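Work through the exercises below with the structure open. Try each task before reading its solution.

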Amino acid sequence: MDPTSTWEGGAGEPQVPGDLPSATLTLHINGTERTLTLDHRTTLLDALRHHLDLTGAKKGCDHGQCGACTVLVDGRRANSCLLLAVAHDGSRITTVEGLADGDRLHPLQEAFLERDAFQCGYCTPGQLCSAAGVLAEADYGHPSHVTPHDAPVGVPARLGPEEIRERMSGNLCRCGAYPRIVEAVEDVAP
């Protein structure tokens with residue numbers, strides 16, 4: 001960290017001197033166009049949390065290993081802690097806050113509630129965004145490591161428990177709610 005940086009109230013992103021490179025970019029966040037001027041080093045996760053007050057995505061490991069920061073970028077799931085915001089100018093980003101349709105919960109959110117697929121809730125936003133990505137990937141016919149080799153390509157993949165576990169394996173849950181998460185995703189899968 002730059003020794004001349006200061007912290008915003010101890011909880012935010014470092015303030016950087018004005019001579020560091022920055023860029024103005026537009027992100028389409030949960031259906032709303034947002035224009036930001038950011039330091040080139042700002043991750044998408046920090047842009048969401050510290051510049052847009054969208055705190056659903058969590059900073060867990062900050063190394064792309066836990067999945068707590070998972071969001072959808074142009075419909076595909078991604079670890080937002082690994083993405084530089086400036087590289088996603090014009091992208092469509094969906095966070096957990098954007099899954100619901102107004103007051104109507106997304107079917108995955110309803111299934112997580114019904115199946116009690118969360119405990120502490122820290123990983124839940126990333127789990128939900130990842131599950132939404134899993135459903136889309138399967139619908140497009142994208143295979144996983146456990147998809148049978150003779151499965152037809154480009155045909156929606158069947159999401160049984162083994163497929164769901166494999167596809168969701170990048171999202172960790174310290175509380176061990178995995179069986180309930182698999183059941184919730186399976187409830188929503190076609």
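**Exercise 1.** Find which residue takes a positive phi in the hairpin of β3 and β4.

Solution. Step 1: the hairpin of β3 and β4 has 2 residues between the strands. Step 2: N30 takes a positive phi near 50 degrees there. Step 3: β3 covers residues 22–29 and pairs with β4 in the antiparallel sense over 8 bridges. Two strands pair if DSSP finds at least two bridges between them. Strands are DSSP runs (E, at least two residues) and helices are DSSP runs too (H or I, at least four), both numbered from the N terminus. Step 4: across the pair, T26 stands opposite T35, and L25 has L36 as its bridge partner.

The model is a predicted one, in which local features need pLDDT of at least 70, side-chain atom pairs count only at pLDDT 80 or more, and totals for chains, interfaces and linings use all residues. Residues are numbered from 1 along each chain as its sequence is written, and side-chain values use heavy atoms, with hydrogens and water left out.

**Exercise 2.** Describe the hairpin of β5 and β6.

Solution. Step 1: β5 and β6 run antiparallel and are joined by 4 bridges. Step 2: T70 stands opposite N79 in β6. Step 3: this hairpin has 2 residues between the strands, and D74 takes a positive phi near 50 degrees.

**Exercise 3.** Give the order of the strands in the open sheet, and state which helices lie on it.

Solution. Step 1: the order of the 5 strands is β4-β3-β7-β5-β6, with mixed pairing. Step 2: the edge strands, each pairing on one side only, are β4 (32–39) and β6 (76–79). Step 3: from one strand to the next, the twist averages 40 degrees. Step 4: helix α1 (residues 44–51) lies across β3, β4, β5 and β7, at about 105 degrees to β4. Helix α3 (residues 124–140) touches β5, β6 and β7, and its direction makes about 40 degrees with that of β5. Axes are lines fitted to C-alpha atoms, for helices over the stretch in contact, and angles run from 0 to 180 degrees between N-to-C directions.

**Exercise 4.** Is S91 buried or exposed?

Solution. Step 1: S91 lies in the loop between β6 and β7. Step 2: buried means under 20% relative accessible area, exposed over 50%, and partly exposed in between (1.4 Å probe, protein chains only). Step 3: S91 has 6% relative accessibility, so S91 counts as buried. Step 4: leaving out residues up to four places away in sequence, S91 touches T26, L27, H28, V73 and D74. Contact means heavy atoms within 4.5 Å.

**Exercise 5.** Is V153 buried or exposed?

Solution. Step 1: V153 sits in the loop between α3 and α4 (161–167). Step 2: its relative accessibility is 79%, so V153 counts as exposed. Step 3: V153 is 20 residues from G133 in sequence and 18 Å from G133 in space, C-alpha to C-alpha.

**Exercise 6.** State the angle at which α2 and α5 pack.

Solution. Step 1: helix α2 (residues 107–115) and helix α5 (residues 178–188) pack at about 135 degrees, with axes 8 Å apart. Step 2: the residues in this contact include L108 and F112 of α2 and I181 and V185 of α5.
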